[in-house]
Amino acid sequence: MQREVTNLKTYKRKGTWNIGVILFGVVFIYLAVSVLIYLTKDRIAVYEVREGSILKDTAYTGIVLRTEQVVTADQGGYVNYFLEEGQKTAVGANIYTISKKKLEDAGEKKEDESVTLTSEDWNSILMKAQAFNESYRPVAFSAVATLKNETNAVLTSKSAQNRITQLNSLLSGENAEDIFVYTAQDDGVLVYSTDGFEELSLGDVTEEHLAKAGYMQNNFSNNMEVKAGDPVYKLITGEEWTLVIKLTKEMEETLLEKMGDKDYTSVKVRFTKDNETMWATLRIYNRGKDDAYGYFTFYNSMIRYASERYLDIELILEDESGLKIPKSALTTKDFFIVPEDYLTTGGASKETGVLRQTKDKKGTLLTEFVPVTVFYRDTESGMVYLDKSLFNEGDVLLREESTETTKIGQTDSLKGVYNVNKGYAVFKQVHILCESEEYYIVEEGNRYGLSNYDHIALDGSSVQENALVTQ
């Protein structure tokens, strides 16, 4: 019997379709094409919106002008004071004494001298400290200076009471006939120094004054010897005070623009000494000249800086908080604007839309509902902003339950950015509050605007409405 011989090499060359290899090939090609598209496709840089602020301030040193009276001694001797500097006094109150000899018990307070506080004084300090502790925030560090000033006020008051007690004791002692008491001739705040600028007026201020050229203070202290006619204290009799600064040409122009057609403007001032801020009325004299000066008028807090002739300040022209966005994200978009009355709701989903009138081939008048997104609502004009891609110029809108119609044609543009939270671009209107070189601060809480942590296109000019965003 003859056996059939099979060639193994020929058998191996016979192929069959392998579904696994085919599927692998398809997947490989798909992945390769996807990677190629991803690598070649333009990607959109995204920026996360965060709350922020922009502060524009300029530092100055200003000279303080007040209503000041210098009081001189009627006779020679050694002067001692009843009250501490910076305290208010009334007409007829005891201010100082002059004696032929130094008064040992009423001299200058020693550094290691203690002040005895009553339980009421301690409670007052503890209550202030507790209030500070409960309300303290790191961003409001000025509260520390406020607590310090309030505590010092309590200690100063007690020190003054002790001094008054000491002087009254001396006045009732054996040598009382050698001590002469002088009282206040007016109400005011006490300052125990002079500097020669007490009579300086607004129009007399020069750059030399602001440069502190040769400035010196003559300070007074307890048991200081004086001669008849020498100054012994100064009394500030008015609560209103003025701070004068030298203006650059650029700052003068900025302030004049802020003033508009008025001769003054309100500005915010921060004092470097204690980080306190106050509002002041600002005016300019010598406008348009090289020696233009700005002067701030304050109507309170004079006592806080009563002993200061010069104050370092920051002039805050802009201090806005809101949402911070890069300038590159800002773009503009044109819209059709129509009266708000033409908006209606329709469909099972109760979408917002408008009724558009059209005609068929036979000329029959038809009405269709067009869903719309309102990008902005102007409450003053009663107009709403609608996407231009949904309509053609000349389209007729019908007011619901009325025969009244309007033609689409009026346009306007909005400033905004493209929100990409959902993977595609959606225009969001923004209202700019202020700006720096690189950023805008825009209004937060606007129904048609942005929210904190929104993601927007970093380059607003590179995106179109509803475009898919590849990051």
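Trainee: Is arginine 66 buried or exposed?
Mentor: Please keep in mind that this is a predicted model. Arginine 66 counts as buried, because its relative accessibility is 11%, under the 20% cut-off.

Trainee: Where is arginine 66 in the chain?
Mentor: Arginine 66 is in the loop between β2 (50-65) and β3 (68-72).

Trainee: And which side chain does the side chain of arginine 66 make a polar contact with?
Mentor: That of glutamate 68, at 2.7 Å. The arginine 66 side chain also reaches the backbone oxygen of tyrosine 305 at 2.8 Å. Beyond its neighbours within four places in sequence, arginine 66 is in contact with several residues, including Glu198, Trp241 and Met302.

Trainee: Now the rings. How many aromatic pairs does the structure hold?
Mentor: There are 21 aromatic pairs. One of them, phenylalanine 271 with phenylalanine 298, is tilted, with 5.7 Å centre to centre and 50° between the planes. Phenylalanine 271 lies in strand β14 and phenylalanine 298 in strand β16, so the pair ties together parts 27 residues apart in sequence.

Trainee: Is phenylalanine 271 buried or exposed?
Mentor: Phenylalanine 271 counts as buried, at 0% relative accessibility. Phenylalanine 298 is likewise buried, at 0%.

Trainee: Which rings form a cluster?
Mentor: Ring pairs link Phe335, Phe375, Tyr376, Tyr385, Tyr418, Phe427 and Tyr448 into a cluster.

Trainee: Last topic: what lies over the face of tyrosine 439?
Mentor: Lysine 324, at 4.6 Å from the ring centre.

Methods
Residues are numbered from 1 along each chain as its sequence is written. This is a predicted model: local features need pLDDT of at least 70, side-chain atom pairs count only at pLDDT 80 or more; totals for chains, interfaces and linings use all residues. Side-chain values use heavy atoms; hydrogens and water are left out. Helices (H or I, at least four residues) and strands (E, at least two) are DSSP runs, numbered from the N terminus. Buried means under 20% relative accessible area, exposed over 50%, partly exposed in between (1.4 Å probe, protein chains only). A polar contact is a pair of N or O atoms within 3.5 Å; within protein, one must be able to donate a hydrogen and the other to accept it, and residues adjacent in sequence count only if both atoms are side-chain atoms. Contact means heavy atoms within 4.5 Å. Rings of Phe, Tyr and Trp (its six-membered ring) pair if their centres lie within 6.5 Å; planes under 30 degrees apart count as stacked, over 60 as edge-to-face and the rest as tilted. A charge sits over a ring if NZ of Lys or CZ of Arg is within 6 Å of the ring centre and within 35 degrees of the ring normal.
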